[in-house]
Amino acid sequence: MCGVIGATGAQDPLEIILEGLHRLEYRGYDSAGVALVEGDRLWRVREADGTRSVAALEVLARGAPAGSRTGIGHTRWATHGRPSPENAHPHFDCTGGLALVHNGIIENHAELSAGLVERGHTLASETDSEVLVHLLEEELDQGLVEAVRRCLPRLRGSFSVAVVHAGEPELIVGARRATPLVLGVADGEGLVASDIPALLGRTRRLFALADDEVAEVRPGEVRVTTVEGRVVEPTALTVEWDLEAAQKAGCDDFMSKEMGEQPKAVADTLLDRRKADGTLVLDELRLRVEELAAVDKVVIVACGSSYHAALVAKYALEHWTRLPTEVDIASEFRYRDPVLDGRTLAVGVSQSGETLDTLQALREAKRQGAKAMVVSNVVDSSMAREADGVLYTRAGPEIGVASTKCHLAQIVALELLALTLAQHRGTRGRPEVTELFERLSELPGKVAETLGRRKEVDQVADALAGARDFFFLGRHVGFPVALEGALKLKEISYLRAEGYPAGELKHGPIALIEPGTVVVAVATRNPLWEKMLSNVEEVRSRGATVVLVADDGDEETARRADHVLWVPPVEPLLSPVVNVVPLQLLAYRLARALGHDVDRPRNLAKTVTVE
Ligand code: M6R
């Protein structure tokens, strides 16, 4: 996740910026940079040395000009354009007199950049961010503040930005939409940052900027106005957190913070994917339309939660595209002598893009001539570099070992891929693709609504305290949700938890059901709902404690349950994105009640680069 910082009025702004960048490192980043205003010029250094970039900047900064009073800095988590010094922020305009740092995604960057190039600008990076600094360059006649006001309405997407101008050396202009920006005032210093931890060492006089407001940050003062120029009082922030609590945004742990970020992870993954005429475009995919249309089989390989996301995708792919779709655990696939050819699309799904088994499985697919693509959360990961195409989930870095926001973003990315294939193959018409994209776009709101029911889930978890054996059941797309619910619970609570397709119960597992066993079943409405209820009756009559995930208001389902986890109804093929959320919350509460460290569960690593 990118981090923004700026300081003006300080004796040594560079020191404040570098310290702030260190404090933002916990968010994960791949490159970093700083720009200082030096007289009537700007000085800049940028590094793309992965998580060593800030340390590397410190070395480069020894050559910084003395006497600068103003500067901005940035840690970048790549989304548009690979990690490289050219793509690292701050970005300059054509004159080199303006510098900008940006966090978020400018959704209409392609259209804006086409216009800029036509008007003679040279864009030096592959990023979406750079367009804004060139737009500002065109509007500077009445100064930087007015330029920012004029440009904001032209942007779509999410952003928090800080900009400096060599012609106005004691000014930083900040603005935001849907991504936070915090302002700070210290003795003779004006500060700005994307996150509170970056400023905590400097001041506790902090203020929040609201959407589409513009902040003028000067030595010892901040002034906030609307886009129209009306002065507004910024909201003062009371911060009682220490640094560690601030890095977790006041949450008890990263898992909790990351579950809370799921609506944004889903929304960001959907940003920028549909053209004005309704066509879906997956820019970074690098596979030509003809190549996609020629595919006659899809093979997906993954591990853990990524495998569960892939299983959800199988239902969507087969239904929407009519392409035969196989989903394999990567460690099995690579040794089972799979049959692939040039018309096979092999998809690796991996949050990290580094999991060795998935990487080797992709290599095997390529060796057999298949087109290989990856769904990854890390730009320029090993898999992204080796695959023929890539589709990025934009969940931001995930620090908790148990995957939450990346899992949801993976499902959404794979469903986007399925819809795009359906469009190119002509198996779904434009109106249906449009309708389904609209339903996908509603998911962030529904995930947020579900997260808002955390207290109710906690009550169910508390009622289950002491239980040792859990079964998770589902049918159709509810089956991978059950697998994911069981995985989350076993990973962080160390309780025995198995996920099964409910129809398989009678073929063995039902022998294990006895009084005291907890059965959690996904029983939202879909074509197999009635069959699911029959399976629920089977375990109820054997004494299991039944917890059902049910659609809001569905009393017919609820009366079969000891406890209900209510969710807003969602189109069945998209429902896993919402239905898995109460299962994450349930696992989290049960694990915390047992006193476990949910961020670092025993025996597990975040990225598994060994067999
Ligand atoms: O980075 P990847 O998505 O390739 O990782 C795959 C699994 O190791 C990962 O999903 C693991 O199962 C998580 N701990 C699940 O919470």
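**Close-ups of a cavity and a pocket**

**View 1. The lining of the largest cavity.** I16, E19, G20, R23, A198, L199, G201 and R202 line the largest cavity (a cavity is a set of points, on a 1 Å grid over the protein atoms alone, where a 1.4 Å probe fits but cannot get out; lining residues have an atom within 4 Å of a point). This is a predicted model, with local features needing pLDDT of at least 70 and side-chain atom pairs counting only at pLDDT 80 or more, while totals for chains, interfaces and linings use all residues. Numbering runs from 1 along each chain as its sequence is written, and side-chain values use heavy atoms, with hydrogens and water left out.

**View 2. Helices around the largest cavity.** Both α1 (13–24) and α6 (196–200) supply at least two lining residues (helices are DSSP runs of H or I, at least four residues, and strands are E runs of at least two, numbered from the N terminus). The top contributor is α1, with four residues. The volume comes to about 40 Å³ (the space filled by probe spheres set on the points, which are joined across faces, edges and corners).

**View 3. The second largest pocket.** Here there's about 580 Å³ of space (a pocket is an open set with protein on both sides within 12 Å along at least five of seven lines). Of its 25 lining residues, C303, G304, S305, E491 and V608 sit closest to the centre. Two or more residues each come from α11 (304–321), β18 (344–350), α13 (356–367) and α19 (478–493); α11 gives the most, with five.
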